[in-house]
Amino acid sequence: MLPALLLFGCTQFPDLEDSFSEEALSSNFPRLEPVEELRSKIREAQITDASLADTEARIDNLKARAARLRGTVIDQNSRNRLSQQPAVVPTN
């Protein structure tokens, strides 16, 4: 079995460039970068006091907006006016 494994280990792999179309080869794929290079671009402190304050203010605004959306859709004055209107029954 060992000779068979050694024989397969010496096999030449097919050239993959010939199996792709020209369109695939010329398409705009993202460039791969080494992880070390990406890590070097990361800033040490990403969260600052200013960004934290901005985020907390945005959270407060979103919570206030959500609270306003939980209210009724029709205010009480409109509801009273609608209840005074006679019901319209469609006729065929």
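This is a short tour of a predicted model, from the whole chain down to one residue.

Local features need pLDDT of at least 70 and side-chain atom pairs count only at pLDDT 80 or more, while totals for chains, interfaces and linings use all residues. Residues are numbered from 1 along each chain as its sequence is written, and side-chain values use heavy atoms, without hydrogens and water.

**Whole chain.** Select the C-alpha trace: along its principal axes it spans about 95 × 60 × 35 Å.

**Surface.** Colour by accessibility. Buried residues make up 0% of the 92 (buried is under 20% relative accessible area, exposed over 50%, partly exposed in between, with a 1.4 Å probe and protein chains only). The protein exposes about 9,800 Å², and carbon and sulfur atoms supply 59% of that area (Shrake-Rupley method, 1.4 Å probe).

Select Met1, Leu2, Leu5 and Leu6, a nonpolar surface patch with about 520 Å² of accessible area together (patch residues have over 30% relative accessible area and no salt bridge; nonpolar side chains are joined within 5 Å, like charges within 9 Å; a salt bridge is a Lys or Arg side-chain nitrogen within 4 Å of an Asp or Glu carboxyl oxygen).

**Leu5.** Finish on Leu5 in helix α1, residues 2-9. Leu5 counts as exposed because its relative accessibility is 54%.

Technical notes. Helix = DSSP H or I, 4+ residues; strand = E, 2+ residues; numbered from the N terminus.
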